[in-house]
Amino acid sequence: MPTPSLDSLLGQSGMNRRSLLRVAGLSAGAIAAAPLLAACTGSDSGSSGSGGTGTVTFGSNGSDEVPKAAYEALMKSAKDAVKLDVKINTVAHNDFQNNINNYLKGSPDDVFTWFAGYRMKSYAKQGLVADIDDVWEKAGSNFSEAFKTASTGDDGKKYFVPLYNYPWGWFYRPSVWKEKGYTEPKTWDELIALAKKMKTDGLNPIAFADKDGWPAFGTFDYLNMRINGYQFHVDLMAHKGSWEDAKVKQVFTTWKEIFPYQSADSLGRTWQEAAQTVVTKKSGMYLLGSFVGQQWPEGDTDIDFFPFPEIDSNVGADAIEAPIDGFMLSKKGGENESARKLMEYLATGKAEDIYLKTDHNDVAAANDADTSGYNALQKKAAEIIGASKNISQFLDRDAEPAFANNAALPAFQQFIKDGNVDAVTKSLEAQAKQIYGS
């Protein structure tokens, strides 16, 4: 295929999840190459129809089958609910993340999918997105204080509308566990004992995949929170502590205890492929977000999860990884009144209900969302999130974007290869000093 220009590619794509932004700090050649991947791997455009009173473009990272259908249903509903025509630009999930910086500086869509946390604040600080204080004046009462805080930039303005959040936990097939007589572990020692038993029984104990780099962050986040506590973790993400601290080295040392039970080919496997080993009953459990349920066949309810177990009784297990996904308004979109009207609609329980009717793996953010139709997984997720004392957003959202993507991602992958604790912590601290400027 002919090689399109960078600007034309960014304009076509609207940009696309669950991966990381490698863009900050990349070479010029790498930046030029990244959008080419987005253009050649299936950028998809669609429209909710014609005849509305306003037109809005929507950049979506929901390229997997389930979220793609859910976003299509949601944006189609906007035509009937608020008389808007929404043109959807769907881009492969990882490509969206990899190109987000150039996308926002180029020709972005009016509204786009993004996440709460440091990364949301970073683009607000750079002036690449529009504030939506006017939207929050109308919709603010529909969200808890926690969601309000997560949607606020460093300048005190609102930039984000939450759609849902979801817990990270250990997912498994209850039928397999019942057959084998397994029980949910409450402590790290019990988890190790369970993994050993699974291996003896001929199962791959822990499904694990890190081809895209971001999945390993979840393991580190939980280990750090369970060993050193939530506050230490968020301080480390802000580089208020050293990656060469003995406490951080203990995290990596503890992680190595489950290396023998993790999938051996993890760096060559996507999270979807790893999930399929649980679905097909080849692996015993998988630490991932509840979006993993998208990989279960439609109507298959043989899925459950347990929280990350306690490691230190003095620290406990009251912190949870439960990232918030939602929507932001680009700088260009801020000048489109129809786009602001769409953001107001997206902040309603009605809109979230429509999304979750298709994607049953998440928990609604709006207070007026209808939870009566939640499946067992959603009910458990909501209960565990609600009972948690502290909620983290995920390493690539809680940390400086350039650090998460250009330092942590390759360093973690190297650690998975060689298990060298001193090397990984030394590398991370050296790069953190450069990136955070201290």
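D300 is partly exposed, with a relative accessible area of 23%, where buried means under 20%, exposed over 50% and partly exposed in between (1.4 Å probe, protein chains only). D300 forms a salt bridge with R173, the closest N and O atoms being 2.7 Å apart; a salt bridge is a side-chain nitrogen of Lys or Arg within 4 Å of a carboxyl oxygen of Asp or Glu. This is a predicted model, in which local features need pLDDT of at least 70 and side-chain atom pairs count only at pLDDT 80 or more, while totals for chains, interfaces and linings use all residues. Residues are numbered from 1 along each chain as its sequence is written, and side-chain values use heavy atoms, with hydrogens and water left out.

**Around R173**
- R173 is buried, at a relative accessible area of 6%.
- R173, D300 and D302 are linked in a network of salt bridges.

**Other salt bridges**
- The structure holds 14 salt bridges, and one of them joins the side chains of E344 and K138 at 3.1 Å, N to O.
- E344 counts as partly exposed at 25% relative accessibility, whereas K138 is exposed at 61%.
- D422 forms a salt bridge with K249, whose closest N and O atoms are 3.3 Å apart, and K249 is partly exposed, with a relative accessible area of 26%.

**Contacts of two further residues**
- S388 is buried, with a relative accessible area of 17%, and touches D318 and I320, not counting residues up to four places away in sequence, where contact means heavy atoms within 4.5 Å.
- K247 is partly exposed at 45% relative accessibility, and touches N228 and F232, again leaving out residues up to four places away in sequence.
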